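This report describes a protein model for a reader who is new to structural analysis. Please examine the sequence and the structure below before reading on.

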Amino acid sequence: MSAPSEGYCQCPDCKRFYREHDRLIREYPTLRHQQELIWTSLQSFRTLAVRVLKELQEEEAKAVGLEDSASANEGMGKKHAIIAELENINAYLFSVEALLERIFTTRLPDSVESKFREVAGELAPDPLNSDRLRLNRLLHKTLDLAECDNNQDTSQT
């Protein structure tokens, strides 16, 4: 069950994070699902980061041969620092991948996977479920969707 909204940051980024967090729990409610999800996410992150790094390195190599001015050297220094940061990110991602490989060797019995599904339903129930909407209204002191539709014009006075 969710805690009252006072306990959570309500900025747009945090709200989006909470929605995405709950959606991922609902859609991937087992250990195996979560393992696959994190592996896919990590691999897509690595693929994208490696590609951007490669393109920036190619741009830097072309620019080195074309420009010799002081301002160009300053720009090259900034680009080189960015490339170094991307190389660090890739190294961190590789380390995380190595750690995750250890997690992926873990297999749990079906009874434990069922427990994962049960807990996932408690942690992130369907947000459009009528009971969930009423609970949210009580916890957050907001109107149900039907009440919002009926009172939409009266709230603007």
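## An edge-to-face pair

Phenylalanine 17 counts as exposed, because its relative accessibility is 51%; in this scheme, exposed means over 50% relative accessible area, buried means under 20%, and partly exposed lies in between (1.4 Å probe, protein chains only). The model is predicted: local features need pLDDT of at least 70 and side-chain atom pairs count only at pLDDT 80 or more, whereas totals for chains, interfaces and linings use all residues. Residues are numbered from 1 along each chain as its sequence is written, and side-chain values use heavy atoms, with hydrogens and water left out.

The structure holds two aromatic pairs. In one of them, the ring centres of phenylalanine 17 and tyrosine 18 are 5.9 Å apart and the planes stand at 70 degrees, so the pair is edge-to-face. Rings of Phe, Tyr and Trp (its six-membered ring) are paired if their centres lie within 6.5 Å; planes under 30 degrees apart count as stacked, over 60 as edge-to-face, and the rest as tilted. Tyrosine 18 has a relative accessible area of 26% and is therefore partly exposed.

## A pair between two helices

Tryptophan 39 and phenylalanine 104 also form an edge-to-face aromatic pair, with 5.1 Å from centre to centre and 85 degrees between the planes. Tryptophan 39 belongs to helix 2 (residues 31-66) and phenylalanine 104 to helix 3 (residues 70-104), so the pair ties together parts that are 65 residues apart in sequence.

## A nonpolar surface patch

Phe45, Ile89 and Tyr92 make a nonpolar surface patch of about 320 Å². Like charges are joined within 9 Å, and nonpolar side chains (Val, Leu, Ile, Met, Phe, Trp, Tyr) within 5 Å. Phenylalanine 45 is located in helix 2 and is partly exposed, at 44% relative accessibility.

## The protein as a whole

The protein has six helices and zero strands, giving the pattern α-α-α-α-α-α along the sequence. Helices (H or I, at least four residues) and strands (E, at least two) are DSSP runs, numbered from the N terminus.

Of the 157 residues, 19% count as buried.

Notes:
Patches are made of residues with over 30% relative accessible area and no salt bridge: like charges are joined within 9 Å, nonpolar side chains (Val, Leu, Ile, Met, Phe, Trp, Tyr) within 5 Å. Accessible areas come from the Shrake-Rupley method with a 1.4 Å probe; for residues, only the protein chains shown count as cover. A salt bridge is a side-chain nitrogen of Lys or Arg within 4 Å of a carboxyl oxygen of Asp or Glu.
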